[in-house]
Amino acid sequence: MNEFPKILSANWGKPNSAGIETYLASGGYEAARKALGMEPAKVSQEVLDAGLRGRGGAGFPAGRKWTFMPKDNRPRYLCVNADEGEPGTFKDRDIMRFDPHMLIEGIIIACWAMQANNSYIYIRGEFEEPAKILEKAIQEANQKGFLGGKIFGKDFNLQVWVHRGAGAYICGEETSLIESLEGKRGNPRIRPPFPPQKGVFDQPTTVNNVETIASVPFIIREGIPAYRKFGTEKSPGTKLFSVSGHINKPGVYELPLGYPLMNFINEVAGGMIAGIKLKAVIPGGSSTPVLRAEECQNVNLDYESLAAAGSMLGSGAVTVIGEGTCMVKLLEILTHFYAHESCGQCTPCREGAPWAAQIAKRIHEGKAELNDIDVLSSLGANMMGRTICPLADAAACPIIDFPKKFREEFEAHIRNKGCPQAKPFPVEFK
Amino acid sequence: MTEPGKVRLSIDGKEIETSAKATVLDAAKQAGIHIPTLCADDQLAPYAGCRLCIVEIEKMRGLPPSCATNVAEGMVVRTNTPELHRVRKMLMEMLLSDHPYDCLACAKNLHCELQKMAEEFGIRERKLRHLTRESVLDESNAFYSRDMTKCVLCAKCVRACKEINGVTAIDLSGRGFNSIVQPFGDGPISESVCESCGECVERCPTAALSIKKQVWPDKEVSTICPYCGTGCGILLGIKDGKIVGVRGDKNNPVSRGQLCVKGRFGAFEFIGHPARLKKPLLKKNGEFVEASWPEALDYMAEKLKPYIGADRFAALSSAKCTNEENYLMQKFARAVMKTNNIDHCARLCHASTVAGLADSFGSGAMTNSIDEFRDAELILVTGSNTTENHPIIGYRIREALRKGAKLIVFDPRETWLANQAWLWCRQKPGTDVAWINGLIRIILKEGLENKKFISERTEGFEDLKKTVDKYTPEYVSKISGVPEEQLFQAARAYATAGKSSILYSMGITQHSHGTDNVQSLANLAMVCGQIGRAATGVNPLRGQNNVQGACDLGALPDVFPGYQKVADEALRKKFEDAWGVPLSSHPGLTIVEMLNAAADGKIKALYIMGENPLLSDPDLHHVEQGLKALDFLVVQDIFLTETAQLADLVLPSACFAEKEGTFTNTERRVQLLNKALDPPGEAKPDWEIICELADRLGYPMSYPDPAEIMEEARKLTPQYHGISHSRLKGGCDLCWPCPNQDHPGARILHQDRFTRGKGKFTAIEHLGPAELPDKQYPFTLITGRILYHFHTGTMTRKSAGLNQIVPGPYAELNPVDAKKMKVKNGDQLRVASRRGEIKVAARVTEVVNIGELFIPFHFYEGAANVLTNPALDPVAKIPEFKVCAVKVEKAAGEK
């Protein structure tokens, strides 16, 4: 690991890092105790003032989201989105594996702020090990009195439940997550009404990403200036980055926001694999726009810098693509993923994604015509912003960008009647 | 300024004022602006899936779907820009890319919405290469086919099944492009919980769901369904002088276009059935021979003449016939034959309601309207298998449940509602007074009664209080078998809900103490003040399409039209003046009494219009004896029923589709019939036949049409004073009481005062059924109806599809009993009571309790009423169809 400040990953290397004793030894649950001594509204305000933005991809200010919960007497819920499923994203998994109590403490604070007495951790079905670790951690927290009734002597009770998903990427979308949690098919809901008005079981609900919630205890315990010491003015704090692809040291890294992308690739993550050249980076998960190597040079890993470069920080999943990678094949793989994961409700996504996957395959196999590139682009354009939920936007992103940014390569496939390269990827991954 | 609750917006430059709750699509439709859509439906929640209804809205990002976007003040909407056209066309190209191109051979050709849409967008070639959707054709349903290769995944079927019917027989499985609509487990639809209501088929934009025998009609005639008392509006589709299909009438306020399997698929085959009676039939030497009308009616007049004024004649009117015909039939009996021996099958279903509620409240009908069930906070259903016997009312209950209403069911059988109930109490058959008294006692002990209501609006409370005191939870539990805890739960929930509605049917009325049961429910409602307000009340669901009207119009032995007592001199005088003849002052005989009197030789001539007592009445062997002992039996019907076969003269009549008139549904709503066809052969409407007969008996009856009959009837019937055909034709939506021509009718009865003044509490002791199981006859038999057939099957059993689903008689038997008797599903059972014996197939199911048996009474070949007990309720004279003792054994060597 690196020499950067550790907020989220501070305990990761310690023996039995997931155990409650380890967490307590590092000052764990002090933030929750402190928060429960504060006015709930004050807690939300602290989180807002700390500048914590949603780490699931959209980057919405977390403290503000909490204030959307209506002030009525209905039961209310916090749903923690642990349905981490975007290709390239695997940061939340490590929080849950190595320091589940940080998440639980964050949940206690967030629930206090919103006065929610129940919280569901909706965890990706494949995350069997993290789910077990979480359940154990919840049990420990219950035994210590951090969950259950009369927490820290306050008239406040909280139950936390782990709910395992059944294997659909769409359930990472917050309203589909809610549907799935209710035992229904994971289709998105039409908004409005938004979850704070009508969420789980039609009651007020906030959905937050694991990393967002896990960032909360530090803010409460150490205070706003301590948090704002890291990162930039508009993107304060640290963030977990999961890096994968043609890189020497793939894995999860905690960095202050605003860290230069190229430094991350070349220094922190050990540089390009086998010395090959960088071709492109998908900086925030497969649904964020791809950047060509030359577009990456002066980009920093924060919300604003990546937006200025025409992409997004997203979930912080940096996919490093080396020279020698066939972008047509990559598009086919990505698009196949989205076609497979579309819920099927909206025509553009249900029909568009498989069509795009089919065309990409056709181009790669040399069975396409020049016109197919335009059909691809128009399919993408007809998916973007045309559906109930953002899955189609995510799918449309590479469908639009790849042919635009690598048009040469697409045309070469058609001229060449097949992939000009002997193999689509420069390095075989095991 | 816009009105409150309204907003103004502009669509395509047109200024529109509309409800603030409307969607942009609604507003456009209202303004006559077409927006294409495949997945939007007025009656279903927005789905926003097809995306064809996208529009441009100023100050809104992207292209929002108009079906899921609410209107807002000052909104500026464009529905038809080049960009929208381009996007929609692309969507259509995507949808068409996986659609089979077999339009010419398709059941929906020229009626397919996808086809119309392709035309609208000028699509003439397939731009995207073909992607195929694989699926197996499912022809297992009796009425419709499923071909999912033609599905556009608009999910209207799935949503209709869930949001309208509520059974959720189908859902989307798979995802993305591989999404497919399937029943659970992807078996044939016929093996699913599908009730074949056809709400899905009706909505499918393509031929993914299509009616098997689809013939597209040239015209449609709006009329009222001939089956249960709900009174759904149907559109009879006509082509080449034949009825080729039925659709729901969306303009009907009761059903709003929704129908059940009988209404949609089983309400027309019988109309043009070859077995319809076409000429009068005279029995000569034991054989029927055809006769002309003059011959038949002269003969009939000749035979009836001797019985005028002698009370040896009786008439059975019909809950299947119109109000006008019932009015004439009772007038015929009273004014022409000078007898009050007039009754009809209400005696067999809700006589105890009419008697009981009239005594308690002053009005023997539903106190509230059907739509109000949707708004109830708690619904207490007892003795009603609503989702099978009044399916559209069942839909309303399902709607209430989805809105979060609590459902309590008291029923010995585990009906669909029992299964879905918040609380299902399985009482022993015939113990209703006990549990109701028990609930009242708990309510009083816990102080949950409505003291203000009791003191201001009721009388007789002290007696009730004294009587119910001995009905302790322990005592009631012992009698009824309902656990004490459940009694507490039910009592507390019913009393404390803001709006509690009681809904009951024949499980309450068809007992030798049916009137007691009904009045006990009335007591319960009044104790809690759960009556006289919206979505509360005591609501008997009437069984036949016009059983309410037949009662209202006086086809009863003790009352003239409008429940005016024949024994009351002033009232009788009113009718004597109107009809110009002296009238009998003593009440006549009820159905079962008539047939007993016939067996005893006291009734010699019987005129039956549209009834089939030889299948519908209790103790059929005795009924047969009675009918055979008559000197003269005339049956006027649309088919040669079991009863008609015994007649001396059979007169062919017109069915509901072939005549005009009105039906009154269970919520007292009077609805017009429209004639769609001429009757077959020489068959005539019942009212014409009665008139011609009366003429021959020296009492001329001359009406140009049913509207004129109603003019006479309404003047004599206070509840109907303001109800005329012309008002109904003008679109008035009238529930009685409607005291004058300007009155809007009444949905809710007893709002400020009860019809009789104060509500009357009746102190009632539990008595129990007339016949209980014993050593010799150890089982309790319950009879009733099922979803797929109606009454004596005269109409439904002419439907091939309904017969395919339920071909014949059966008995539900609990698995525990079945195991003891070594009986398997489908084995033949011999079921015997003290009155007779039948053979039926066993249906082994936990729907019935151990020691109980349920047999539907629709089937002549296994007629449940051979077994039933003719023990009568002392007040209402309704027989005890719901409880009798039987023995059951496996019929040896038969399968």
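Q: Which element gives the largest share of the lining of the largest cavity?
A: This is a predicted model. In it, the largest cavity holds about 500 Å³ of space. Helix H9 (346-349), helix H19 (506-509) and strand E31 (779-784) of chain B each give two or more residues to its lining. The largest share is three residues, and it comes from E31(B).

Q: How many charged residues are in the lining of the largest cavity?
A: The lining has 36 residues, and those closest to the cavity centre include Met506(B), Gly507(B) and Lys882(B). By class, 11 are nonpolar and 19 polar, and the charged ones number six.

Q: Which domains of chain B does the second largest cavity lie between?
A: This cavity has a volume of about 400 Å³. Among the residues closest to its centre are Ser318(B), Asp637(B) and Met795(B). Two domains of chain B both give residues to the lining, so the cavity lies between domain 4 (290-349 + 546-667 + 681-714) and domain 6 (779-890).

Q: How many polar residues does the lining of the second largest cavity have?
A: The lining is made of 29 residues. Five are charged and 12 are nonpolar, while the polar count is 12.

Q: Which residues touch the most other members of the largest nonpolar core?
A: The core has 64 residues. Helix H6 (residues 100-114) of chain A gives the largest share, 11 residues. Contacts of Ile107(A) include Leu78(A), Val160(A) and Ile121(A), leaving aside residues up to four places away in sequence. The residues that touch the most other members are Ile107(A) and Ile121(A).

Methods: Residues numbered from 1 in each chain as written. Chains lettered and ligands numbered in written order. Predicted model: local features only at pLDDT ≥ 70, side-chain atom pairs only at ≥ 80, totals over all residues. Heavy atoms only, no water. Core = buried A, V, L, I, M, F, W, Y, C linked by side-chain atoms within 4.5 Å. Buried < 20%, exposed > 50% of the residue type's maximum accessible area, 1.4 Å probe, protein only. Helix = DSSP H or I, 4+ residues; strand = E, 2+ residues; numbered from the N terminus. Contact = heavy atoms within 4.5 Å. 1 Å grid on protein atoms, 1.4 Å probe; cavity = no way out; pocket = protein on both sides within 12 Å on 5 of 7 lines; lining within 4 Å. Points joined across faces, edges and corners; volume = space filled by probe spheres on them. Nonpolar A, V, L, I, M, F, W, Y, C, P; charged D, E, K, R; others polar. Domains from an automatic or database assignment.
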